[in-house]
Amino acid sequence: MRKAAPAAALAVLIAGCSSLASRDPTNQPLSGNAYGAMAASRQDPAAGDDVIVGLAFSGGGTRAAAFSYGVLQEVNETTVRTRTGTHSLLDSVTFVSGVSGGSVTAAYYGLKKREALTDFRERFLLRNAEEGLSTSIDPVNLVRAMGGGVNDSQVFARWLDDNLFKGATFADFRKTPGPRIWINASDIYNRTPFIYGEAAFIALCSDLASYRIADAVAASAAVPIVFTPMVIKNYPKQCADPPPEWLQRAYASPNTPPMLKSFANALYSYRDGTTKYVKLVDGGLVDNFGLSGFTISRIAAQLPYEPLSPEKAVLLRRMMVILVDAGRGPSGNWVQTVDGPTGSELIMAAADTAGQASVNASFTAFQSIMGDWQRQLTAWRCGLSAEQRRRYGAPANWNCRDIKVVVTRVGFDQLGPERAKVLNAVDTRLQLPAAQVDTVIAAGRDALGVNAAYQDLLKSFGGRTRQPAPMPVPSEPPAAESAPVAVFPGLPEIFPASSFSATR
């Protein structure tokens, strides 16, 4: 009997982890004209303005959330003079995209708008978001990992909802004027970005308006193995309308660009019921900069001004997309010896290598897409007739060529090697000491403040920002208040330093 005990215990553990990986989806079927109501409620805070700012927040746990929060503070304290008057540049932000840790900042700002800048540090950045999560290696967690994930992603979603979002849904994003918010996860079966928005939820015949923001953020941060996937249920019999024209075109054409083709194939598998349940994990697996939403919108466009309206495209003079990159630099000292890396180091290094290569390629491709779009916008604007210019609201003395679209990246490396080394040493987990949080917030403010492209943009329309104060560079980062305990020496923690990094 005693010989059977370990086997019986293992069977119980396996049964337990099996139930952990099977949860009821929280999304609801589509009822009525929910999307029409959401679209009608949209209020563009920058309507009538000639400046557009977009923000894309990378993954990287609390470190990424703090870095993006610092960037938001700097944008808020930047004064600009645009067509609508003198105001904070934050009023010109029209879309914010977030991945993993960056999605927490994006979602909270989208919900609370400028008020988020007053309490996000206390309500999230200084909190222990790992409360209730298993973070160490032990036999139970190893079995859970084999069963689909050590932690239930809905446990993290409940923590986010209880402490930050308070039951808010996607409909609450639109209750006050503000930017469009994109929260990005990864559809691991269809190997494509899953962007929480109308396109995906219409294809699923599901109601986006009633979906909890906390669930979307938890899906965006669901690192594989550390968390079980977030599950979305498909309701293919709830809608009878055909897919939108752009989707039919992208799905059917053999010449559709690969990124759009994969996205279209996934949406079609939702609509026809081939994908019964969508399994979502960390958005950083396929798009750690959160660029997919705008990229897909642009490459799916048929008209040169899309996804803008023709009126907005005529007024536009300056557009800047700021990619806020809290990703990791190289780590470990195994390049100093013949031996190494160890098995765990090799796994992390391989993941980081693949992820960083993808990040670099996506940034370069996005710059190219935006450069092409600027040229197409210029040609379209200069080809308008006098009647079209009048209809679209071109102002007096309008210059059709006075338009500039800029993409810039803000990262640790732009603050100098010594400071970057300190920042890269900050863990990418979901709990950091206050000193580290404030160090990273200050870095976000300074990195944007000294960014050359940002300064050039401000000069082009009379903007100004504060002068970053010189900050002393500590010899090493402040020590973490606590760390996961590894029960098995020599094995990495369930939450290793790279678990919430830009490459995971």
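This report describes aromatic contacts, a pair of strands and a surface patch in one structure. The model is predicted, and the description below should be read with that in mind.

**Aromatic residues**

The structure holds 24 aromatic pairs. One of them joins Phe170 and Tyr211 in a tilted arrangement, with the ring centres 6.3 Å apart and 50 degrees between the planes. This pair links distant parts of the chain, since Phe170 lies in the loop between helix 7 (153-165) and strand 5 (180-187), whereas Tyr211 lies in the loop between helix 8 (198-203) and helix 9 (213-220), 41 residues apart. Both Phe170 and Tyr211 are buried.

Tyr211 also pairs with Phe201, and here the planes stand at 65 degrees with the centres 5.5 Å apart, so the pair is edge-to-face, given that planes over 60 degrees apart are counted in that class.

**Charges over rings**

In two places the charged end of a side chain sits over an aromatic ring, as the table sets out.

| Charged residue | Ring | Distance to ring centre |
|---|---|---|
| Lys261 | Tyr251 | 5.5 Å |
| Arg391 | Tyr392 | 5.3 Å |

**Strands 9 and 10**

Strand 9 (residues 318-325) pairs with strand 10 in the parallel sense, over eight bridges. Within this pairing, Val321 has Val407 of strand 10 as its bridge partner. Strand 10 (residues 404-411) is largely enclosed by the rest of the structure, because six of its eight residues are buried.

**A nonpolar patch on the surface**

Turning to the surface, Ile188, Leu285 and Val286 form a nonpolar patch there, and together these residues have about 210 Å² of accessible area. Leu285 is found in the loop between strand 8 (277-282) and helix 12 (292-299). With a relative accessible area of 39%, Leu285 is partly exposed, because that class covers values between the 20% limit for buried residues and the 50% limit for exposed ones.

Conventions: Residues numbered from 1 in each chain as written. Predicted model: local features only at pLDDT ≥ 70, side-chain atom pairs only at ≥ 80, totals over all residues. Heavy atoms only, no water. Patch = residues over 30% accessible without salt bridge, like charges linked within 9 Å, V, L, I, M, F, W, Y side chains within 5 Å. Areas by Shrake-Rupley, 256 points an atom, 1.4 Å probe, with all protein chains shown as cover. Salt bridge = Lys/Arg side-chain N within 4 Å of Asp/Glu carboxyl O. Helix = DSSP H or I, 4+ residues; strand = E, 2+ residues; numbered from the N terminus. Buried < 20%, exposed > 50% of the residue type's maximum accessible area, 1.4 Å probe, protein only. Phe/Tyr/Trp six-rings, centres within 6.5 Å; stacked < 30°, edge-to-face > 60°. Lys NZ or Arg CZ within 6 Å of the ring centre and 35° of its normal. Pairing = 2+ DSSP bridges.
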